[in-house]
Amino acid sequence: MTTTTTPVPAGVPAGSGPWRLARAELLRRASVKISLGVVALFLLMAAGAPLLSALCGFTPEEFDKTAVDPYLGGRPIGPLGGVSADHWLGVEPLTGRDLFARVVHGAQVSLLIALTATAIVVVTGTAAGIAAGYFGGRVDAVLSRLMDLTMSFPSLIFMIAMLSVAKDVNRVLLMTAVIGLFGWPGIARVVRGQTLSLKRREYVDAARVSGSGPWRILTRAILPGVAGPVIAYTTLIVPGMIATEAALSYLGVGVRPPTPSWGQMIAESVAFYDTDPMYFVIPSTCLFLTVLAFTLLGDALRDVLDPRSARA
């Protein structure tokens with residue numbers, strides 16, 4: 001019987017730890033480098049939105065009636081939707097609001113909701129999955145039934161209903177909570193399966209015999225063992241969270257105007273796709289690139305950190 005070993009990437013010393021090997025393997029892939037660059041670009045753009053909008057000289061809510069032609073139905077003046085030295089990505093039809101300012105502030109809103117909801121999902125799902133897998137019995141039965149109950153809801157319809165009836169609330173906070181509410185069972189099931197396998201390992205039995213309590217075993221023995229799949233799963237659900245926020249805003253139940261959001265901008269641009277296509281192209285391209293970058297990064301992390309789930 002022959003065994004196969006994963007080749008050590010060039011430039012990595014023999015005997016290096018698994019995390020160092022995984023990092024070296026990830027950085028060896030061109031798709032990972034490009035995806036990391038795109039993700040970093042949009043994260044920096046979201047973090048520096050107030051500074052960037054100040055540099056362009058316009059706030060996302062500021063109207064510029066001189067940038068649109070009132071005799072042509074509010075069509076932007078100039079080529080490519082009004083691109084000029086004053087408006088780097090053009091302006092909105094009718095209002096003349098600067099698209100660059102709205103795109104960078106839209107990135108801040110969209111990524112804040114998506115990343116915060118992802119954090120809620122990962123923390124809740126990991127905790128529930130580890131508890132269900134390790135303790136078993138009634139704990140496992142209750143948590144598993146709760147996972148089944150949550151997953152049985154038509155989540156998108158329920159989100160639309162909840163967001164439609166809520167009026168005078170913080171929409172960003174509400175969307176984050178609602179999106180996070182329905183996302184945790186998926187990662188909980190993955191972690192539960194990993195925990196069921198890990199709790200029978202020799203090092204876990206040794207920790208238990210040595211007198212370690214459940215908390216120490218869970219944090220020192222079980223959690224490091226499920227960290228790889230959790231990290232890979234996290235990067236795979238981020239694009240889904242971004243798309244969910246965009247879909248809810250597109251349907252009109254997301255963040256309220258004048259707060260910008262990529263999904264909201266795409267919804268508003270549909271009415272002008274034939275007269276000002278750039279209004280549709282710019283936020284759509286930002287959304288597409290962000291989702292694609294996180295998806296490629298998640299695929300690579302899954303293949304490296306959780307090779308059993310890699311595609312053949």
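**Legends to the views of a predicted chain**

**View 1. The whole chain and its surface.** About 16,200 Å² of the chain is accessible surface, and 68% of that area belongs to carbon and sulfur atoms (Shrake-Rupley method, 1.4 Å probe). The model is predicted: local features need pLDDT of at least 70, side-chain atom pairs count only at pLDDT 80 or more, and totals for chains, interfaces and linings use all residues. Residues are numbered from 1 along each chain as its sequence is written, and side-chain values use heavy atoms, with hydrogens and water left out. The chain holds 13 helices and two strands (DSSP runs, H or I of at least four residues for helices and E of at least two for strands, numbered from the N terminus).

**View 2. The second largest pocket.** Its volume is about 260 Å³. Among the 17 lining residues, Ser155, Ile179, Phe182, Gly183 and Met241 are the closest to its centre. A pocket is an open set of points on a 1 Å grid where a 1.4 Å probe fits, with protein on both sides within 12 Å along at least five of seven lines; lining residues have an atom within 4 Å of a point. A volume is the space filled by probe spheres set on the points. Helix H11 (214-250) is one of the helices that each supply at least two lining residues; the largest share, five residues, comes from H11.

**View 3. The pair Tyr134 and Phe135.** The ring centres of Tyr134 and Phe135 lie 5.2 Å apart and their planes meet at 85°, so the pair is edge-to-face (centres within 6.5 Å, planes over 60 degrees apart). Tyr134 is buried at 13% relative accessible area, whereas Phe135 is partly exposed at 42% (buried is under 20%, exposed over 50%, partly exposed in between, with a 1.4 Å probe and protein chains only).

Technical notes:
Phe/Tyr/Trp six-rings, centres within 6.5 Å; stacked < 30°, edge-to-face > 60°.
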